[in-house]
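Here is a friendly walk through the place where two chains meet. Have the model open as you read.

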Amino acid sequence: MNDGPSSPSGSSLSSLTRPTGSSDADDQLIGATGSSEQMSPDGAGGLDAQADQWLVVKASSGDPQAMEVLIRRHRDRIYRIALRMLGSREDAEDVTQEVVIQVWSVIAGFSGASAFTTWLYRIVVNRCISHQRRQRPTRPLSEGDDPSTPGPENAVLARQRVEATADALARLPGPLRSPLVLHEMEGLSYREVAAILNLSEPKVRGRIYRARRQLVDDLQDWS
Amino acid sequence: MTTPPARPYEGDEQPDTDRLPCGAPIDRLLDQVSAGTASDRTDHQEQCPHCQAALAEYDRLWTPVRELAADDVKAPDSLLDETLRRLRSTTSDPTFASIPGPDGTTRVSARVIVVTARETAQDVEGVRIALGKIVGPEARSPGDPAADDENQSDDSLIGARVEGPARDDGPRVVAGVAGRSTAIEITLAAQYGVDLIALGERLRADVARRIGTVTGLHPVTVSVVIDDVFT
């Protein structure tokens, strides 16, 4: 499987460096009183933040159609974040449903102090953290576990590698996983991630760095 | 020809940052790989075998992470539809339009009309975001004189006559009747700078055509409310 170039100096990546020695606290739910940092003008991932805000105002005043449109605009990202955070489609579906219901229920309480996306993704991350706390520590069966997966060998191997990455991502400690998912998977900036997680930008950078290190070490073990 | 030794890395990272033997910080290299710019080497990296090897290895290991990020994951439609259906049930408009035919009646919910109008409006150039709603006799209270002549012949009837449930069962939707209060209303925010009058006309035509095609309720009155403009 290991058909790529050997690691620098022929040893594991970990051995190249001094150990970080730091550890993270347990997952903490993110407080509602986060930063008032706004997302970029186009909104996260190119979504139209002005349109979001327009819909939020209408949804907050009781327009169910505006609420539905708002949720439909963000549903894939809600699900995707949950999937990458939890590593299981079933869990991601559960969390997506919970998030939709929560947003529908509390949209009137959204103050607008932060961008809607900041508020929404904070809810998603918190729901994922809560969901994991309730779960027993079992590893879900992923598609890559199916030895009978058909297809050319290279495609199967590539798919398995991606599945292994998803599993490795899901195994990261929560405080490292959340910022990495938001930054690497969702393309949010450090600043946006910091606003969502209610952390300082340097702290987000540090966590993402440690998450990357852990991820590449895991992936090297796999390959 | 011998390669000159690489200059030591000179950067602004904290002293406790993990580094390669040449002194280059690992986090900077991972940033570079994550950004997809591993091949855009700095002067130091051009000369440094440690950096070149690390960049190559990190880039190889990071490939499946990029593939995972590029995976176009969609929320299952059934999942969201069911959740929204349950949430809507507390607020939904229960009205139906009934289109009589020779072999039976087709019932079209008000929601179908609204969604069709909204999605059509959303696709019109110059529209940034749109919502639709049905405005009409359902807003009238029982006994309203305007409601009493619904079953009368009307010269202004220019489209399919559409009726909802009996009055005792709830409100009615009448669409395609000119001169009456039943209508589709589109509320939207437009792109700043577009000709709003032309936008309204274009939208009105597109929505009426689409609703006619999809529901048979053709033509309908389409009111356009331009609620905001976005720069």
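Let's begin with one pair: B:Asp31 and A:Arg212 join their side chains in a salt bridge at 2.7 Å, N to O. The term stands for a side-chain nitrogen of Lys or Arg within 4 Å of a carboxyl oxygen of Asp or Glu. This is a predicted model, in which local features need pLDDT of at least 70 and side-chain atom pairs count only at pLDDT 80 or more, while totals for chains, interfaces and linings use all residues. Residues are numbered from 1 along each chain as its sequence is written, chains are lettered from A in the order in which they are written, and side-chain values use heavy atoms, with hydrogens and water left out.

Here is the interface of chain A and chain B in numbers.

| Item | Value |
|---|---|
| Salt bridges | nine |
| Buried area | about 5000 Å², 62% of it on carbon and sulfur atoms |
| Residues in contact | 58 of chain A with 54 of chain B |

Buried area is the accessible area (1.4 Å probe) that two parts lose on being put together, summed over both; contact means heavy atoms within 4.5 Å.

Now for a single residue. A:Thr96 sits in helix H3 of chain A, residues 89–106; helices are DSSP runs (H or I, at least four residues) numbered from the N terminus. With a relative accessible area of 1%, A:Thr96 is buried, a word for values under 20% (1.4 Å probe, protein chains only). Leaving aside residues up to four places away in sequence, A:Thr96 touches A:Ile78, A:Tyr79 and, from the other chain, B:Leu79.

Notes:
Helices (H or I, at least four residues) and strands (E, at least two) are DSSP runs, numbered from the N terminus. Buried means under 20% relative accessible area, exposed over 50%, partly exposed in between (1.4 Å probe, protein chains only).
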